[in-house]
Amino acid sequence: MTTPLDDLTRYRYALFDMDGTLVDSMAYWKQLPEDYLAERGVVLDDAGREAIARSRGYGEILGYFASRGVTADLPSLFAFVTTRMAYYYESKVKAKPKTRALLDALKGAGCHMGILTMTPHADVNICLDKTDLAPYFEFVLTMEDTEDKSGKENTRIFEMALDRFGGVKPAECLFFEDSLYSIRTAREMGFPIVGVSDPWAKFEETEIRALSDFYLDLG
């Protein structure tokens, strides 16, 4: 599936996931649940690592923790994630090689852009500042901003983003994402989908491609 930039730059609004879409951070994210469990005396085998790799969103991760007898809540996991990822964003994570060219093309065409992410605001700020991507985006919304702390498995955060753009319709706004679960939500709402290739989402690439209007490899 080819994606000529002309097909994308005709849109005036775009929402982006951050991790695995704009930046190469998913390897570090996938390590965090294993580290969290190790600190509580649970050592994962290959099957456990596979289960974690396929988990999407904090709810599924907490569910896996419970299956291993580890009691955890969202605030404690959030605090752990914020501290650990701050280091990786500060010292390791980079923008994908073709990210800036894509954002330059969209911005040059007058596209308004925002970010929807599960990453805490404190870590988002570090990431966007270190990669120099912050100036491209008019706003960032995270699960911290929703009333029930839900993420992209629900429609609320998407609705909030459309409101930030002045109440545009989903069909007017591109959604760039590397994860199947949030692509499903956006597809059901009527967003045009730009699937983004990432090594950590390889196991669901076939389904992502099937649901996407466009598909990109940003390197």
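Predicted model: local features only at pLDDT ≥ 70, side-chain atom pairs only at ≥ 80, totals over all residues.
Residues are numbered from 1 along each chain as its sequence is written, and side-chain values use heavy atoms, with hydrogens and water left out.

**Aromatic pairs**

Rings of Phe, Tyr and Trp (its six-membered ring) pair if their centres lie within 6.5 Å; planes under 30 degrees apart are stacked, over 60 edge-to-face, and the rest tilted. Searching the whole structure turns up eleven aromatic pairs. Here are two of them:

| Pair | Centre to centre | Angle between planes | Class |
|---|---|---|---|
| Tyr-36 and Phe-65 | 5.1 Å | 0 degrees | stacked |
| Phe-175 and Phe-191 | 6.3 Å | 55 degrees | tilted |

Helices (H or I, at least four residues) and strands (E, at least two) are DSSP runs, numbered from the N terminus. Tyr-36 belongs to helix α2 and Phe-65 to helix α4, so their pair ties together parts 29 residues apart in sequence. Phe-175 is in strand β4 (173–177) and Phe-191 in the loop between α9 and β5 (193–196), so that pair links parts 16 residues apart in sequence.

Buried means under 20% relative accessible area, exposed over 50%, partly exposed in between (1.4 Å probe, protein chains only). Tyr-36 counts as buried at 2%, Phe-65 at 0%, Phe-175 at 0% and Phe-191 at 0%.

**Around α4**

Phe-65 is one of the buried residues of α4 (57–67), which also include Tyr-58, Ile-61 and Leu-62. The buried residues of α4 pack against α2 (26–38), α3 (46–53), α5 (74–91) and α9 (180–189). After α4 comes Gly-69, with a positive phi near 80 degrees.

**Cores**

A nonpolar core is a set of buried Ala, Val, Leu, Ile, Met, Phe, Trp, Tyr and Cys residues joined through side-chain atoms within 4.5 Å. The largest has 52 residues, and Phe-65 and Met-113 are among those with the most contacts inside it. Helix α5 gives the most to this core, with seven residues. A second, separate core of 22 residues includes Phe-175 and Tyr-215.

Conventions:
Contact = heavy atoms within 4.5 Å.
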